[in-house]
Amino acid sequence: MKEKKIVWSVGFLMSLMVLTGCRKDDYVPLFRGTPTALTIEIPSNLPPMVIPADNPTTYEGVDLGRRLFYDVRLSGDNTMSCASCHNQAYAFTDNGKVFSKGIDGLLGDIQAMPLANLGWSQTLFWDGRSEGLENQAREPVKNPIEMHESWTHALTELQADPDYPRHFEATFGTDQLTEDLVVKAIAQFERTLISANSEYDKFARREPHTLSAAAQRGAEMFFGERGDCFHCHSEGLLTDYDFHNNGLDSVLGIQNLGRAKVTNRSSDHAKFKTPGLHNVALTAPYMHDGRFATLEEVVEHYNSGIQQSPTLSPKIKSPNGLLLTSQEKADLVAFLKSLTDEEFVTNAAFGDPY
């Protein structure tokens with residue numbers, strides 16, 4: 001496999017704009033023979049990303065995955081794509097909705113998670129039911145309250161497209177589409193959705209920035225014992241990708257099973273995955289059930305609203321509340337707003353190729 005390294009913010013954008021600048025119906029294959037390896041250059045404030053050996057990232061694979069991510073033919077009535085519930089402008093969440101609506105008008109019972117920086121996550125979804133991005137990409141297609149399509153029918157439609165067989169030939173060496181190859185391509189695209197160019201990221205890397213004094217005070221609090229946030233939202237990725245009961249409810253019932261739905265362990269009841277906080281100002285409402293409409297409400301939850309229960313996370317060092325001042329709460333919100341990465345939510349390389 002030929003290998004080529006790119007600089008993330010400029011080189012990758014330019015190369016994919018070349019790949020995807022034409023419409024689907026006038027696409028002319030740009031690659032023949034061996035696909036070109038793509039080495040993603042990780043920002044210095046993030047750890048290395050481990051790429052699965054059986055799904056190496058290539059230019060062709062990322063381009064193909066992007067097309068599939070935005071293709072409505074993965075849904076039963078050809079009206080919904082992955083992007084329908086993961087809108088780039090909202091940091092790949094669902095347009096400010098509490099719950100997403102599937103093709104049959106049915107509402108889900110849990111929020112669509114943001115998609116940034118998932119290349120580091122070993123488990124996906126709020127309850128962690130899928131291991132790896134490839135397995136995650138299988139689920140929404142066949143989910144009866146989401147895209148409600150069979151993989152057999154979706155593959156038949158995509159195989160009949162005049163362009164997809166050529167894309168798959170260029171990427172995987174075969175013009176025959178399979179479920180495994182579709183999800184591998186989507187996963188390659190999703191691994192490139194790296195967000196780490198907010199004002200706070202620039203501050204953390206000691207690059208030129210415009211981080212306000214309030215946001216700097218908020219960051220100091222967030223990553224210190226006073227704010228008590230860093231235990232789950234650690235520096236860099238701003239998540240530990242683990243599962244915690246963060247004190248939303250005192251009663252543990254079927255409506256908040258969380259991780260226990262997967263493990264069947266009572267000790268995992270009400271534990272949900274820690275979301276990354278990049279672009280958090282764009283992803284309201286908050287928590288797995290969307291109960292908080294604003295960042296101010298989220299901060300107030302940790303300040304005074306922690307509910308005691310048997311599985312409450314021991315990482316919440318102040319279970320009776322933080323007792324922050326009004327200024328301290330405002331500073332925390334200023335810090336959270338400084339995590340917005342405008343380049344990420346406007347990058348044409350992540351947008352709809354059609």
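## Loop residues with positive phi

N78 sits in the loop that joins helix 2 (59-69) to helix 3 (82-85), where helices are DSSP runs of H or I of at least four residues and strands are E runs of at least two, numbered from the N terminus. This is a predicted model, in which local features need pLDDT of at least 70, side-chain atom pairs count only at pLDDT 80 or more, and totals for chains, interfaces and linings use all residues. Residues are numbered from 1 along each chain as its sequence is written, and side-chain values use heavy atoms, with hydrogens and water left out.

Although N78 is not a glycine, its phi is positive, at about 60°, and N78 is partly exposed, with 32% relative accessibility. A270, in the loop between helix 10 (260-263) and strand 6, likewise is not a glycine and has a positive phi of about 70°, but A270 is buried at a relative accessible area of 8% (buried means under 20%, exposed over 50%, partly exposed in between, with a 1.4 Å probe and protein chains only).

## A cis peptide bond

The bond from A284 to P285 is cis, with omega near -5°, and P285 belongs to the loop between strand 6 (272-273) and helix 11. Most peptide bonds are trans.

## Packing of helices 11 and 12

Helix 11 (residues 295-304) packs against helix 12 (residues 326-337) at an angle of about 130°, with the axes 10 Å apart; axes are lines fitted to C-alpha atoms over the stretch in contact, and angles run from 0 to 180 degrees between N-to-C directions. Helix 11 is therefore oblique to helix 12 (under 35 degrees is roughly parallel, over 145 roughly antiparallel, 65 to 115 roughly perpendicular, the rest oblique).

Within 4.5 Å between heavy atoms, the cut-off for contact, L295, E296, V299, E300 and N303 of helix 11 meet K329, L332, V333, L336 and K337 of helix 12.
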